[in-house]
Amino acid sequence: MNLQREMRAQWTLGLLGMLLLFTLVISVGVGPMSLSMAESLQVAISRFGLIELSVPQHVVSVVESIRMPRTVLGMLVGAALAVSGAAIQGLFRNPLADPGLIGVSGGAAFAAVASIVLGGTVLSPLSARLGIYMLPLMAFLGGFITTLVVAWIATSRFGTSITTMLLAGIAINIVTGSGIGIFTYMADDAMLRTLTFWQMGSLGGATWDNVIAAATMILLAVVLILRYAKSLNALLLGESEARHLGVDVDRIKMKVILLSALAVGAAVAVSGMIGFVGLVVPHIVRMSLGPDHRYLLPASALLGALFLLLADMVSRTIIAPAELPIGLITAIIGGPFFIGLIVFRARKGGL
Amino acid sequence: MKQTRLHSVLRTATASVVLCCAAFSVSSVQAAPERIVSADGSLTEIVYALGEEQRLVGVDTTSTHPAAATDLPQIGYKRNISAEGTLSLSPDVIIATQNSGPDKVVNQLKAAGVDFRVYSEAPSLAAVEEKIKYVAELLDKPAKGEQLWAQVKLKVDNAKAQAATVSQPLRVMFVLSAGDRSPLVAGSNNGADTMIRLAGGINAVEGFEGYKPMPVEALVAARPDVILMMARPGHTMSAETLFAQPGFAMTPAAKEQRLVTMNGLKLLGFGPRIGDAISELTTALYGDQNAQAAR
């Protein structure tokens, strides 16, 4: 029985990997500019020196410096959000948990909105020095620092309490939310438009520079989180049970939270607020593969990447030449799908 | 004409009555209003351009030109004005545009017996004419209004003549913000689109209305010859930074680093400075030589 389940999980992982590869190819092939799929793929393949290029230079530029970084960024962000979501749900043993709960999204949003609104006045020395890198840098730091504050509130000499952390996360989100409100009130019309769209998320800022920066942090965090799969499994039994099994619970908690903050902070910094991925993707995986983190975490990473790639393809083509913010698409697809899944499982009595 | 004169005589008469008995409440006088609150930046500019700024007792936060206007009492952001704050200035009339509000507050102000005048918000030259003439009429300075509009019209016509000498109009793209994400650009049916066309350019962006984010790939496909942006303190982007970004780097505009920045309120305010704004933009697009040729 158990063996059957592991077989199924491994097959699913393989299948997701293949689907992701397939979607990656399509993603490089579609966009608002009318290039044929063959032309686009030719550019991608020629990179490996397999064939001679026979397409115009502008096609090469569009594919190489616009579509490819955007596609890679989509996969990274999707994987980061979904893995962190899965790990945090496991840690909190709460199906409603998502990366927003540890304050990272709220803090990042607060810092981003602050740099949009104050970039011309109070923070102008900073924006003069950092230019277009100011906002992502601020967002990342804002997210990470806020998570540290949440973790600090929840930690006493008796260890880190998950319940206190839950409350601290909610409280911090209220504080950052009101801060965002104040800056929104101070903003002029142009800033309002910018910050509203920032909060809806977009992969449109992808350049190889920021893809590499984000990739370093996200890959590091994701790989390290994957290593804690067995400890997270033990934690599913309860904290004291996990302790009896020899798991250093407090250390694991802190590490998982900081690594999630690293991954999500980097993702939010380059792509803004993209909701639902961190909540829905791990649930979908858990419903089909079960709660074993050895499969749940990697499958979430793959499905998250796949989901975000698909959402981004919709985002940049559905109302071309304009772009529909990706956060809206993940919510529009994710919400009803999730409701359907819950209803279906509840009828079968297996939630 | 006769009626206007009669009106003006009446006004002088009532004004002297007011002067005589100081106890007489100003708001009950049926004359040109003396206490005006403006809930729109372009209307504030018009009042100043007509030389009647001494009658302004309050403005909204979009009224930032001329700088002196910012020293006046504030009633808040134009779409979110405060009823009691506005009433505390005891205005005879509030001048606003269609998007001033919220409606609830507007209704409260009307219920409180304040004369609430709403003018067109449309981003068009016709709306500017309407605003100038109606505000001048309201202030009982119709002649000054005609004069102001004539000045604006002259500048617009000059710019038009300047643009007409160009054989190949430029494709202009207005970028509201660009940076770490898909840039926000102006599609059709908005202030920037109108200004680009009035200045003799072609809006490079087609296919959607208002200001929307646009994937950089679509931006390349739009082939803009010139990028137009707002100059705002601390937010202004240099041509090098802009054209170093992928997407912008691949546009025809990048070849000669053609970035035009203009004061946002002047460019998109649709107030009395629209004539200057159009000439400035036309000159920025096509150079000054054409202006001489046109004359």
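## A parallel pair in chain B

Strand 1 (residues 36-38) of chain B pairs with strand 2 of chain B in the parallel sense, over three bridges. Strands here are DSSP runs of E, at least two residues long; helices are runs of H or I, at least four, and both are numbered from the N terminus. Two strands count as paired if DSSP finds at least two bridges between them. B:Ser38 stands opposite B:Val59 in strand 2 of chain B.

This is a predicted model: local features need pLDDT of at least 70, side-chain atom pairs count only at pLDDT 80 or more, and totals for chains, interfaces and linings use all residues. Residues are numbered from 1 along each chain as its sequence is written, while chains are lettered from A and ligands numbered from 1 in the order in which they are written.

## The sheet of chain B

The open sheet has four strands in the order 2-1-3-4, with parallel pairing. Strand 2 (56-59) and strand 4 (115-119) of chain B are its edges, each pairing on one side only. From one strand to the next, the twist averages 20°. Angles run from 0 to 180 degrees between N-to-C directions, and axes are lines fitted to C-alpha atoms, for helices over the stretch in contact.

## Chain A

Chain A holds 15 helices and two strands. Its radius of gyration, taken over C-alpha atoms, is 21 Å, close to the 20 Å that the globule rule (2.2 Å times the number of residues to the power 0.38) gives for 351 residues, so chain A is as compact as a globular protein of that length. The C-alpha atoms fill a box of roughly 65 × 55 × 40 Å along the principal axes.
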